[in-house]
Amino acid sequence: MWSYFARRVVIGIPTLWAVITVCFFLMRLTPGGPFDAEAPVPPEVLANLRARYHLDDPLWRQYVDYIINLLQGDFGPSFKYHDFSITTLIAQGLPVSMQNGAAALLLAILIGVPLGIFAALAQNTRRDYIISAGAMTGIVIPNFIMGQVLILVFGVWLKDSVLHLPAGGWNDGALPNRILPVFCLAVPYIAYLVRITRGSMIEVLRANYVRTARAKGLPFRLVVLRHALKSALMPVVTFLGPATAFLLTGSMVVETIFQIPGIGRYFVQGALNRDYTLVMAVTILSAGLVIVMNLIVDLIYSFLDPRVRYDERAP
Amino acid sequence: MTSTNLASPHGAALDSAAEVQGRSLWQDAWRRLRTNRAAVVGLVVLGLIAVAAALGPLFLPWTYDQIDWDHVEALPPDFANGHYFGTDSIGRDLLARTLFGGRISLMVGILATFVALTIGVTVGAVAGYVGGRTDQLLMRFVDLMYSVPLTFFVIILMVVFGRNFILMFLAIGAVEWLTMARIVRGQTLTLRSKEFIEAARASGGSTPAIIFRHILPNVLGVVMVYVTLTIPQVILLESFLSFLGLGIQEPMTSWGMLINDGAAELEINPRTLIIPAAFMTATLFCFNFLGDGLRDALDPKDR
């Protein structure tokens, strides 16, 4: 099994390299540079700026430099926030995004999975319909509408009540400032988890081994929790892998709406300002996380389903 | 028809067999779909919204970019003026803008999905049918693309190539084809070993001919389900791009942009948010119901 993972890691590295390369050249092909947006700069100043950021080097040279710096953990200087290195910006933003993402993930799992099981056990009853309709609503209503409505309700209408919550800002991570963004992040994931769990649970409950377990006379609750749940969670785990990576690298929408200084918002600002290095850093981080999470998902598979084994030779 | 059957000399057994009308897979699926109330309602409402978005603006007294100079302010609904849903903050008719925005949103959704469909089905069918090294190469590429955060990619593309309506759906389509390719490849792999494909090959069919004439019609069902579920995703993605200021540009509009505009004045004038948001969520609901219904209809496992 470990040789399988070693192989996967070895495959992961060129994948990440390909992502870095494509992003790098895509960004450099852009007509217009990071200094266009500012008031017209005298040509000499522009030349100086370009020289300072090594933008006048040949492209291959810039690329090699970038990769070398990257290997040392240096994402380069920010083109927009002068005097800041990208590494500093990421070091500030990533913990914020990760805390919110982890909280949202936990919330989504704790609510979504049990609700999905609950709906599956009551398939085609009113309880099932209500839960499923709720899940559909959660998927269909875009994050940014919900965010705005939440701000309106809790930040404005309930301003003078106990339920008042700040409409935005981070305030160094005070609890009231976290509630709305985390909830807003979690809702679509709760909805997806309900749907996935419900679907796979229904399927698993029809499997022969579940029928056998019930025929043996085991209590239904035990059958569900001990026999069915494990394999019903497989698709859930598949979904959670990349979902975790996305949640941890911050939601662009939620962080923009609630003005949270996470890397999702940095990405949006970076993209709008053509701050190449910032955009690339966030993209590389997310891609790396997705690769790692997919690896972890494979690892969890082998615990959930004894039939999944990685030491066999691929046919 | 019955009379000719009776006249046939082959006896009673064949007569009764001939009376049973042949039903194709599609007819079967259609019958099942019609019994699914949510899917039918979804289909009807979608049709209404599409017709309203396509033809509605022609019958309205105001166009989407026309400012009512007598009332350069947010006006409540007023039938005398022809502002049936009122106006936005600079006096443009909200109904006209919502319908026009729907036109753009639906168009982006459908065109981008079509781009994704074309790339995904081609790659999937070729990879699955040709197999071998081609398959490995194509699927490795798909795997690689999967690990790129796609929203990021669309945003980078939009920034790099500028905000252009055509590029927008090309960019979205270019990242949405991956799942389609995987699904089609999986289906093709199972089809490839079937006898009718073998027969086609034995009788000298060329690879493109076999893919287009024999493989594609058989993966159509799965693809259709996926298409109905992709369109709402694309509409959401477009609205999200517009929200970040990377979408359609003024005075053109889309549901995403209208919602974004409306959200800015949510407190004073919630109508400008609620109306486009209602249209958009209704559309997304309908697509999802229809997609779920289609899946059940084409793959009946007594769900």
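## A guided tour of chains A and B

Read along the sequence, chain A shows the pattern α-α-α-α-α-α-α-α-α-α-α-α. Its secondary structure amounts to 12 helices and 0 strands, where helices (H or I, at least four residues) and strands (E, at least two) are DSSP runs numbered from the N terminus. This is a predicted model, in which local features need pLDDT of at least 70 and side-chain atom pairs count only at pLDDT 80 or more, while totals for chains, interfaces and linings use all residues. Residues are numbered from 1 along each chain as its sequence is written, and chains are lettered from A and ligands numbered from 1 in the order in which they are written. The model scores ipTM 0.74 and pTM 0.79.

**Chain A as a whole.** Select chain A first. Its C-alpha atoms fill a box of roughly 85 × 65 × 30 Å along the principal axes. Of its 315 residues, 37% are buried; a residue is buried if 20 or more other C-beta atoms, placed from the backbone, lie within 10 Å of its own, exposed if 12 or fewer, and partly exposed in between.

**A:R198.** Next, select A:R198 in helix α7 (residues 175-205) of chain A. Is this residue buried or exposed? A:R198 counts as buried because it has 26 C-beta neighbours inside 10 Å. Leaving aside residues up to four places away in sequence, A:R198 touches A:G116, A:A119, A:A120 and A:S132; contact requires C-beta atoms, placed from the backbone, within 7 Å. The C-alpha atoms of A:R198 and A:G116 are 4.4 Å apart, although 82 residues separate the two along the chain.

**A:T21.** Move to A:T21 in helix α1 of chain A. A:T21 is partly exposed, because 14 other C-beta atoms lie within 10 Å.

**Where the chains meet.** Now display both chains: 29 residues of chain A are in contact with 24 residues of chain B. On this side of chain A, α12(A) gives the most, with 6 residues. The chain A residues that touch chain B comprise 23 nonpolar, 5 polar and 1 charged. Here Ala, Val, Leu, Ile, Met, Phe, Trp, Tyr, Cys and Pro count as nonpolar, Asp, Glu, Lys and Arg as charged, and the others, Gly among them, as polar.

**Chain B.** The mean for chain B is 77, and 82% of its residues reach 70 or more. Among the elements of chain B, helix α5 (residues 94-130) has the highest mean pLDDT (87) and helix α1 (residues 2-7) the lowest (44). Over residues 1-14 of chain B, pLDDT stays under 50. Where pLDDT is low, the predicted coordinates should not be read in detail.

Terms used. Two residues are in contact if their C-beta atoms, placed from the backbone, lie within 7 Å. pLDDT is the predictor's confidence in each residue, from 0 to 100.
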